[in-house]
Amino acid sequence: MSNIFKPRDENEIVEAVAWAVSGEKSLEIVGHGSKRVLGRAAQYDSPLDVSGLSGVVLYEPEELIFSARAGTPLAEIEKLLAANRQEFAFEPVDLGPVLGGKPNEGTLGGLVSVNFAGPRRVKAGNTRDHALGVKAVSGRAEIFKAGGRVVKNVTGYDLPKLLTGAYGTLAVMTEITLKVLPVAEDVETLLVSGLSDQRAIEVLALGSASAWDVSAAAHFPAKVAAKLPIKANAALTAFRLEGIAPSIAYRRDKLEALLKPFGALAALKADESRALSRATRDVLPFAQNISHALWRISVTPTLGAKIGSAIAAATGASVFYDWAGGLIWAEMPGEEPHAEAVRGALSGNGHALLVRATPSVRALTAVFNPLGAGHLKVTRGLKESFDPKAVLNPGRMYAGI
């Protein structure tokens, strides 16, 4: 029977990792398990449940910094930030519903481990861009910390950013510091109806590059738009504007004048805008058929329509575009992920992550983009530096690493 570790502090994590090192065992790092099915279907000897490492360590609203233990529920953190009219500007993605789970089940550690960002990525960056500091336990059973609690504090290697998006394969994060920003006073969304994918990407580029401070830009083909929590009878191309009401009104007028030649326009007020943003962020149009394979594909925005249309034509997938065309969500018509078609459409011009698939499919499919020889060498070197015995989530991202 495998050991089940549920540490209460860093020292108990050190003990668990030391046990794994001495016995040549492997550990699965898990919090609330909301993202447990992300990554390769690897096998581990014992779970290391860090959900007991919970609680806010430091919050200074005036300084826009926030620190909490890795197992702290994200819902609790967002409630605290909201009470101070603040938020994580990168819009944390809640994958619960699209992965067949419940909403609002994630933890801070899981959020940072996968480095996903929502629609505001085009303006605010991703999770990694907001990581300031981290405390962690390496695969050598050693406690270390890096970064700090101010924005400009990096000397040498920026380890908080390195651990962000590493899926727990390098170290067990115990405490994380992120920067926060004020919540916008108001929000509206300007919609353009009826555009083809290619025309929409061109219009998204035009609006996003304008002087009118668009904070999110997305396109939904008609079949996907029909699944949004707003009324939609055609394809929709959406531009979000945030700020104080007079500023939004002025910028919306200017944006309308810019986009009027391309199609019929409509505007969403705050409640519908937020509902659309949540649906986009959490991929809710693709949350109904959880057995269907789902891809998250990042590309150069100008290539979005070309790649998305090629994938749809080759596989029958439904797609929509976030990040002004730089992020494609593609849901296959069934369990088959059509990995060759997806990566063939990319032709090396982006990265494709298989977010959702059955366990058997995940076991047989390269979930992350295959690495070239140079990247593979660097990745192996990092793993050996932090976790030489490969005890932490081995194989979660790449076989043998």
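User: Which hand does the crossing of H6 and H8 have?
Analyst: The crossing of H6 and H8 is right-handed, a crossing being left-handed if the near helix is turned anticlockwise from the far one by less than a right angle, and right-handed if clockwise. Please keep in mind that this is a predicted model, in which local features need pLDDT of at least 70, side-chain atom pairs count only at pLDDT 80 or more, and totals for chains, interfaces and linings use all residues. Residues are numbered from 1 along each chain as its sequence is written, and side-chain values use heavy atoms, with hydrogens and water left out.

User: At what angle do H6 and H8 pack, and how far apart are their axes?
Analyst: H6 and helix H8 (residues 245-259) pack at an angle of about 145°, with their axes 11 Å apart. Axes here are lines fitted to C-alpha atoms, for helices over the stretch in contact, and angles run from 0 to 180 degrees between N-to-C directions; helices (H or I, at least four residues) and strands (E, at least two) are DSSP runs, numbered from the N terminus.

User: Which residues of H6 and H8 meet there?
Analyst: Val203, Leu206 and Gly207 of H6 meet Leu255, Leu258 and Leu259 of H8, where contact means heavy atoms within 4.5 Å. By class, this contact of H6 with H8 has five nonpolar, one polar and no charged residues, counting Ala, Val, Leu, Ile, Met, Phe, Trp, Tyr, Cys and Pro as nonpolar, Asp, Glu, Lys and Arg as charged, and the others, Gly among them, as polar.

User: And how do H6 and H10 pack?
Analyst: Helix H6 (residues 197-208) and helix H10 (residues 304-315) pack at an angle of about 155°, with their axes 8 Å apart. That makes H6 roughly antiparallel to H10, since angles under 35 degrees count as roughly parallel, over 145 as roughly antiparallel, 65 to 115 as roughly perpendicular and the rest as oblique. The crossing of H6 and H10 is right-handed. On the H6 side the contact is made by Asp197, Gln198 and Ile201, and on the H10 side by Ala305, Lys306 and Ser309; by class, it has two nonpolar, two polar and two charged residues.

User: Switching to H11, which of its residues are buried?
Analyst: In helix H11 (residues 339-346) the buried residues are Ala339, Val342, Arg343, Ala345 and Leu346, with buried meaning under 20% relative accessible area, exposed over 50%, and partly exposed in between (1.4 Å probe, protein chains only). They cover an arc of only 155° around the axis, which puts them on the same side of H11; the arc is that of the directions from the helix axis to the C-beta atoms.

User: What do they pack against?
Analyst: The buried residues of H11 pack against strand E14 (294-299), H10 and strand E17 (350-356). H11 is then followed by Ser347, whose phi is positive, near 50°.

User: Where does Glu24 sit, and what is its phi?
Analyst: Glu24 is in the loop between helix H1 (10-23) and strand E1 (27-30), and its phi is near 55°, a positive value in a residue other than glycine. Most residues other than glycine have a negative phi.

User: Is Glu24 buried or exposed? And what about Ala324?
Analyst: Glu24 counts as exposed, at 69% relative accessibility, whereas Ala324 counts as buried, at 10%. Ala324 is found in the loop between strand E15 (318-322) and strand E16 (327-331), and its phi is also positive, near 55°.
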